[in-house]
Amino acid sequence: MKIVFIRHFKTPGNEKRQYIGRTDEALSERAEEEFRRRREKSIGGLYPPVQYIISSPLRRCIRTAELIYPGQEIRTEPMLRECDFGEYEQKTYEDLKNEPEYIRWLESGGMTAFPGGEEQTSFRRRCVDGVKKWIIRILDEGADSAAFIVHGGTIMAVLSELAEDAYEFYHWQVENGGGYVAEVMPEDWKNGRKMLRKGKRLS
């Protein structure tokens, strides 16, 4: 079974390089227009066709799914939403670079809890659990492909845990609109080896 992970298109906050987690932003007009231009110029489509579409419940992901896969049913999963950045929400590196707590967070590799936000280990666990839940369901229903339209942090959390090739969290960072494709082997999952094989970036 083919599994595709796609990071949502840019929001106004993304364009300002802000930390956007729980904030439920819409996509920027520029991002939607850029996608339409790319789609018009493409031969054979920009993204792989899929049977199932699972999205974070935040507007930026749902709208991205609607644009990429028009007319298809979109199922939402709360466990796939982005990390809550707490006091860092809607702030930039320039806003925070002199804050001692932010410096400690950077030095920890992003592993300390955000002030007033979500603890990193809990965030990563819920993302992985959310994807596992849906892959099991999709396998049970006999589908051959699915796309997860989610957030950059969600993709990094899932692939750093489930990818056959063991790389650390930030290795899997991807630009807005970018993503990865991987394979799920039903026999792996039936035998308790819950992994994603042959992961590669979308071209």
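Modeller: Happy to! Let us take helix α6, where Gln 120, Phe 123, Arg 124, Arg 126, Cys 127, Val 128, Gly 130, Val 131, Trp 134, Ile 135 and Ile 138 are buried. Buried means under 20% relative accessible area, exposed means over 50%, and partly exposed lies in between, with a 1.4 Å probe and protein chains only. Before going on, please note that this is a predicted model, in which local features need pLDDT of at least 70, side-chain atom pairs count only at pLDDT 80 or more, and totals for chains, interfaces and linings use all residues. Residues are numbered from 1 along each chain as its sequence is written, and side-chain values use heavy atoms, with hydrogens and water left out.

The helices and strands here are DSSP runs numbered from the N terminus: helices are H or I with at least four residues, strands are E with at least two. Helix α6 covers residues 120-140, which makes 21 residues, and spans 31 Å from its first C-alpha to its last. That is close to the 30 Å expected at 1.5 Å a residue, where the expected span is 1.5 Å times one less than the number of residues.

Now to the two ends. At the start of α6, a side-chain oxygen of Glu 119 comes within 3.2 Å of the backbone nitrogen of Thr 121. This is a polar contact, meaning a pair of N or O atoms within 3.5 Å; within protein, one must be able to donate a hydrogen and the other to accept it, and residues adjacent in sequence count only if both atoms are side-chain atoms. Just after α6, Gly 142 has a positive phi of about 75°.

What covers the buried residues of α6? The cover includes β1, β2, β3 (75-76), β4, α7 and α8 (186-190), where contact means heavy atoms within 4.5 Å.

One of these elements, β4 (residues 145-150), is itself mostly covered, with six of its six residues buried. Ser 145, Ala 147 and Ile 149 point one way from β4, while Ala 146, Phe 148 and Val 150 point the other way.

Strand β4 also has partners, and two strands pair if DSSP finds at least two bridges between them. With β1 (residues 2-7), β4 pairs in the parallel sense over six bridges, and Arg 7 stands opposite Val 150. Strand β2 (residues 52-55) runs parallel to β4 too, joined by four bridges, with Ile 54 opposite Phe 148.
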